[in-house]
Amino acid sequence: MTPELVWRVAQERRQGLKSLLQEVDLVTVTTPYLQNRYRKYTRKAPVTVLPNCIREEDWAGVEPKYPNGSENYVKIGWAGGESHRQDLQLVAEPLTKVLVQHPKVALVLAGWVGAKLLFPDHVQERVFIVPWMKLDEYRPFVAGFDIGIAPAVNCPTNRGKSGIRVYELALAKPEGMPIVASPCPYREDVHDGMGLVVEGREFGEAVGWMLENADEAGRMGLRLHQHVLVEHTYESQAARWAATYEEAL
């Protein structure tokens, strides 16, 4: 398809969505940001936030797995496809400095094979790749992370996203996982004392602090784990969804 045809198709589908929103009785979205954006397209329907959730049982009893050669390192973990290139680029330089300063630390990148090339040659031997795979195969590698990172550039797409990536990291281990995340869109999910929320250039210092303060970082991870179980699972939120639909009916 030519760029012109892609644009025309996108415009047609967008117009179709706008027309549909004029006729429905209820619109549900996953974040307040999307709620504000969609309100201007509806004629009468309420726009209600029903947050994304994670299924607790999917992560119960997951046995950690590690890329070959990474077993003896402390592992900083990231997961995402190539569409998240800019998010990972945001922290590539700070994470390179962490690898240089901490020779017993490795980086595990799950999903995008080409992500290794964002890092200079002198640290690539400690950058391990987990190729894209089925969800049930991917979870054990996430459970193998020691510190999870969730960087994101501040753009409209990311502002509309939920904290599902944080929820996965939080539930990957029964004891929780220390997490460093970007403020957009994760500030609403990683509350004070449950992890570190920093801008991209500060990721190196934040990860370094967690490496040097492992006990306190572990307590943060456990608090976030417990918070996600209470606030962000299907099991805890199903009644909210049901009540919203019942009211609409």
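Student: Is valine 62 buried or exposed?
Tutor: Valine 62 is buried, at a relative accessible area of 17%. Buried means under 20% relative accessible area, exposed means over 50%, and partly exposed is in between, using a 1.4 Å probe and protein chains only.

Student: How were these values made?
Tutor: This is a predicted model, where local features need pLDDT of at least 70 and side-chain atom pairs count only at pLDDT 80 or more, while totals for chains, interfaces and linings use all residues. Residues are numbered from 1 along each chain as its sequence is written, and side-chain values use heavy atoms, with hydrogens and water left out.

Student: Okay, where does valine 62 lie?
Tutor: In the loop between α3 (56-59) and β3 (74-79). Those labels come from DSSP runs, numbered from the N terminus: helices are H or I with at least four residues, strands are E with at least two.

Student: And what is valine 62 in contact with, leaving aside neighbours within four places in sequence?
Tutor: Arg139, Pro140 and Ala143. Contact here means heavy atoms within 4.5 Å.

Student: Tell me about arginine 139, then. Which helix does it lie in?
Tutor: Arginine 139 lies in α5, residues 135-143. Arginine 139 is buried too, with a relative accessible area of 14%. Not counting residues up to four places away in sequence, Arg139 touches Asp58 and Trp59 as well as Val62.

Student: How far apart are valine 62 and alanine 239 in space?
Tutor: They're 27 Å apart, C-alpha to C-alpha, and 177 residues apart in sequence.

Student: Switching topic: what's the strand order in the sheet?
Tutor: The open sheet has six strands in the order β5-β4-β3-β6-β7-β8, with parallel pairing. The edge strands are β5 (127-131) and β8 (196-197), each pairing on one side only. Two strands count as paired if DSSP finds at least two bridges between them.

Student: What does β6 pair with?
Tutor: β3 and β6 pair in the parallel sense over two bridges, and isoleucine 76 stands opposite isoleucine 147 in β6. β6 also pairs with β7 (residues 179-181), in the parallel sense over three bridges. There, the partner of isoleucine 149 is valine 180 in β7.

Student: Which residues of β6 are on each side?
Tutor: Ile147 and Ile149 are on one side, Gly148 and Ala150 on the other, and all of them are buried, so both faces of β6 (residues 147-150) are covered. In a regular strand the side chains alternate between the two faces of the sheet.

Student: How about holes? How many cavities of 30 Å³ or more does the structure hold?
Tutor: One. The largest cavity has a volume of about 40 Å³. On a 1 Å grid over the protein atoms alone, a cavity is a set of points where a 1.4 Å probe fits but cannot get out; a pocket is an open set with protein on both sides within 12 Å along at least five of seven lines; and lining residues have an atom within 4 Å of a point. Grid points are joined across faces, edges and corners, and a volume is the space filled by probe spheres set on the points.

Student: What lines the largest cavity?
Tutor: Gly77, Trp78, Ala79, Tyr138, Phe145, Ile149, Arg165, Glu168 and Leu169. β3 and α7 (164-171) are the elements that give two or more residues to that lining.

Student: And how much space lies in the largest pocket?
Tutor: About 430 Å³. Of the 24 residues lining the largest pocket, the closest to its centre are Thr30, Thr31, Pro32, Glu188 and Asp189. α8 gives the most to the lining, with three residues.

Student: What about the second largest pocket?
Tutor: About 320 Å³ of space lies there. Its lining includes Arg14, Tyr33 and Pro156, and α1 (3-21), α2 and α6 (156-159) each supply at least two residues.

Student: Last one: how many disulfides are there?
Tutor: Zero, where a disulfide is a pair of cysteine sulfur atoms within 2.5 Å. For cysteine 184, the nearest cysteine sulfur is that of cysteine 155, 6.4 Å away. Cysteine 184 is buried, with a relative accessible area of 12%, and cysteine 53 counts as buried at 7%.
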